[in-house]
Amino acid sequence: MTDRPIDALDKAKGKKVYIRLKNGEEITGLLKALDLHLNLWLEDVEIVGDNKRKINVLLIRGDNVLYASPV
Amino acid sequence: MTDRPIDALDKAKGKKVYIRLKNGEEITGLLKALDLHLNLWLEDVEIVGDNKRKINVLLIRGDNVLYASPV
Amino acid sequence: MTDRPIDALDKAKGKKVYIRLKNGEEITGLLKALDLHLNLWLEDVEIVGDNKRKINVLLIRGDNVLYASPV
Amino acid sequence: MTDRPIDALDKAKGKKVYIRLKNGEEITGLLKALDLHLNLWLEDVEIVGDNKRKINVLLIRGDNVLYASPV
Amino acid sequence: MTDRPIDALDKAKGKKVYIRLKNGEEITGLLKALDLHLNLWLEDVEIVGDNKRKINVLLIRGDNVLYASPV
Amino acid sequence: MTDRPIDALDKAKGKKVYIRLKNGEEITGLLKALDLHLNLWLEDVEIVGDNKRKINVLLIRGDNVLYASPV
Amino acid sequence: MTDRPIDALDKAKGKKVYIRLKNGEEITGLLKALDLHLNLWLEDVEIVGDNKRKINVLLIRGDNVLYASPV
């Protein structure tokens, strides 16, 4: 079966990922779940940028994502 | 069944959540209902930012959401 | 049946609501009708912001809505 | 049958309406036709703002509409 | 049959139309074809604004259109 | 059969076209393929603007297109 | 069968591609997978611009893509 782009991230479930948002914020955390819109459920999250903080559980609305990477 | 990203927030129904909007406003309140667009019904709401205020009941249009977190 | 987020506003039909638009304008009026896009039909309307004025009947295109609240 | 938000404007067909666009332009004219996207066909049109002018027939693409009102 | 907003422009096929884009550019030309997205095929085109020029055949992507008018 | 707007460009396949993007970049090249979103496959491409350069093969995402023209 | 625009990039799978994003960032890498939204899975990635860095695996959300090219 052909790889889909989202598989690049899907394989990182349970592992640490790096997310960059369109607004320039950078987020790292453990990837718990994702869908085709790139809605992302992260845990043990660290946000860098205007809104610097640590958060236990975070749901990112997918349309804000610029790109994402397994760390 | 596989977790969906929205389950991160769905589990917080009846509890306090933190929302950050794309425009930088931050909102906390009790999560009464949500849907797949991230339309959110909050109660006992506090808005921080340009429009600082307290509100009993608030409906946020989902496309404004940057990310959300159970508190 | 599970509550939907829009029910937060739907219950306010015939009553006064507060709307904040993405452009910062604030609008209050009696809610006559709404739909799932948050297109809103208001009456006895007062607009605050760049376009301050009173209007008898107003149709707001839903994609402009930031959040809404029963007053 | 339940009122739909668009009925607020639909009832104004053949009458004068006021339109405010997202870019701040204000337009008045006789409403000839409209659809659910708020695409609008106006006649005897007057545009106020950056592009001030009078026009016989105007088709506004609905996604530019902020709000609309029967005059 | 009820008029649709797009009929305001559809009746102008083969005739000169005036288009204003969201970016402020103004375009006039003979309307050869249009569709429901307001994708427009113009001929004998004159563009005014940042990109002032004359062009024989032009296809405008509909989502750029602010409003349009038969001349 | 009625002409569709996209036919204005479709007839230019294999020939040189001029594309203006929403961000102001101007691109010329031989049109190899296009679809209804105005995704464009160009060859022997020249880009003018912030990112001035020559490129053998270019795929433009259609939602960036302002307008296009056979040269 | 008629060529589709995306085939311009699809033929570059396993090879190096150049991507320019709407925000001006430039990215090069080996193309592992792509889909019709231009979601892109790249490997051995180099990002140029505000967020200059090298990354092993990157998933770009397609709506950020301006244009793309096999290198």
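Chain E and chain D meet through 23 residues of chain E and 24 residues of chain D, where contact means heavy atoms within 4.5 Å. This is a predicted model, in which local features need pLDDT of at least 70 and side-chain atom pairs count only at pLDDT 80 or more, while totals for chains, interfaces and linings use all residues. Residues are numbered from 1 along each chain as its sequence is written, chains are lettered from A and ligands numbered from 1 in the order in which they are written, and side-chain values use heavy atoms, with hydrogens and water left out.

**Buried area**
- About 1,700 Å² is buried between the two chains, and carbon and sulfur atoms give 58% of it.
- E:P5, E:L66 and E:Y67 supply 36% of what chain E buries against chain D, more than any other three residues.
- Buried area here is the accessible area (1.4 Å probe) that two parts lose on being put together, summed over both.

- One salt bridge joins the side chains of E:D3 and D:K32 (3.5 Å, N to O).

**Strands at the interface**
- Strand 4 (residues 53–60) of chain D pairs with strand 5 of chain E in the antiparallel sense over two bridges; pairing requires that DSSP finds at least two bridges between the strands.
- Within strand 5 of chain E, E:A68 is the bridge partner of D:L59.
- Strands (E, at least two residues) are DSSP runs, numbered from the N terminus.

Terms used. A salt bridge is a side-chain nitrogen of Lys or Arg within 4 Å of a carboxyl oxygen of Asp or Glu. Helices (H or I, at least four residues) and strands (E, at least two) are DSSP runs, numbered from the N terminus.
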